Amino acid sequence: MEEKLSEASRRATPSPIQQLSHLAQRVGAVNLAEGFPDFPAPAHVKATATAAIAADLNQYRHVQGICDVLAETMKRDHGLRVDPLTDFAICCGQSEAFAAAIFASSTCKLPMLFHSVCWRIGWACAVAKIAAAIRNIHVKLTDSAPAPFQEAALIALTSIPDYYESLKTDYAVRRNFILQLLKNYGLHISFEPQGSVFVFAELPKSWQISDIDFVTNLINNAGVAAVPGRGFFHTDPDDQSYHHRYVRFAFCKSDETLKAAAQKMMKPAESNGRVLHDTQSS
């Protein structure tokens, strides 16, 4: 039966990240691995999606208003003049926008802004000919982003500026919390994120352990899930080790989740200093 599978599908085996995610689920670890918010989406955005469903907006749909707002944003924030009628493709999330752009350019996404990762609304912006090619591929892939969530996206994108200032403040607090937690844990932080919801922490060289082994131990012994960093690096033929020295943590989590992770990661430190199971053995 396997010979009927395509070569691409046979190459697409579960990654170490996927395997560790399954391990984290089995042991009930606090999830700082996946970058989805575990707190509610804004009430006015949810209400719009609910109203759209009640109004039977359940067919293929293109909400032009999203493109209009995005064009205004591109001009205001980036000094770019784009045509809302020709230069955008509304897709099913960032992943599809990126895939369509690769198959055919820049991509963007809505969920890291409004805590609604699974609503699958994203977009690509490009010059008209490229945008048209992306839209054509989008139609072949999924045809239409979910209609009710397009309506919600339009409302979300026209939120008052105070919402974004509040959002920035909230995420800065979460970022600073996890940065201090990871530093206290003994990890090195070279770059503080300015626009991401992820922190890349470096394992001290004295910790003779790889990113995968560290994350495995963290899940099993501390009950906290993170992501090995190796999957985010290009292989450097001159240095085969540096990309095994980083671990990624997500901080787009509720206060309760972050505090639970802090408590779990501090438990070993309370009795053994910074000696966590065997991660600091030489």
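Ala, Val, Leu, Ile, Met, Phe, Trp, Tyr, Cys and Pro count as nonpolar, Asp, Glu, Lys and Arg as charged, and the others as polar. The exercises below concern a predicted model.

**Exercise 1.** Sort the residues that line the second largest cavity by class, and find which helix gives the largest share of the lining.

*Solution.* Begin with the space itself, which for the second largest cavity amounts to about 30 Å³. Next, list the lining, which is made up of Ile17, Leu20, Ser21, Ala24, Ala33, Ala225, Ala226, Val227 and Pro228. Applying the classes to this lining gives 8 nonpolar residues, 1 polar residue and no charged ones. Finally, look at the elements: helix 2 (16-27) and strand 7 (227-228) each give two or more residues, and the largest share, 4 residues, comes from helix 2.

**Exercise 2.** Describe how helix 3 and helix 8 cross, and state which residues make the contact.

*Solution.* Two packed helices are described by the angle between their axes and the distance between those axes. For helix 3 (residues 43-54) and helix 8 (residues 147-157), the axes come within 8 Å and cross at roughly 145 degrees, and the crossing is right-handed. Helix 3 contributes His44, Val45, Thr48, Ala49, Ala52 and Ile53 to the contact, while helix 8 contributes Pro148, Phe149, Glu151, Ala152, Ile155 and Ala156. Sorted by class, the residues of this contact are 9 nonpolar, 2 polar and 1 charged.

**Exercise 3.** Locate Ser210 and identify the backbone nitrogen that its side chain reaches.

*Solution.* Ser210 lies in the loop that runs between strand 5 (198-202) and helix 10 (211-222). From there, the side chain of Ser210 reaches the backbone nitrogen of Asp213 at 3.2 Å. Once neighbours within four places in sequence are set aside, Ser210 is in contact with Leu203, Arg230 and His244.

Definitions and conventions: Residues are numbered from 1 along each chain as its sequence is written. This is a predicted model: local features need pLDDT of at least 70, side-chain atom pairs count only at pLDDT 80 or more; totals for chains, interfaces and linings use all residues. Side-chain values use heavy atoms; hydrogens and water are left out. Axes are lines fitted to C-alpha atoms, for helices over the stretch in contact, and angles run from 0 to 180 degrees between N-to-C directions. A crossing is left-handed if the near helix is turned anticlockwise from the far one by less than a right angle, and right-handed if clockwise. Contact means heavy atoms within 4.5 Å. On a 1 Å grid over the protein atoms alone, a cavity is a set of points where a 1.4 Å probe fits but cannot get out, and a pocket is an open set with protein on both sides within 12 Å along at least five of seven lines; lining residues have an atom within 4 Å of a point. Grid points are joined across faces, edges and corners, and a volume is the space filled by probe spheres set on the points. A polar contact is a pair of N or O atoms within 3.5 Å; within protein, one must be able to donate a hydrogen and the other to accept it, and residues adjacent in sequence count only if both atoms are side-chain atoms.
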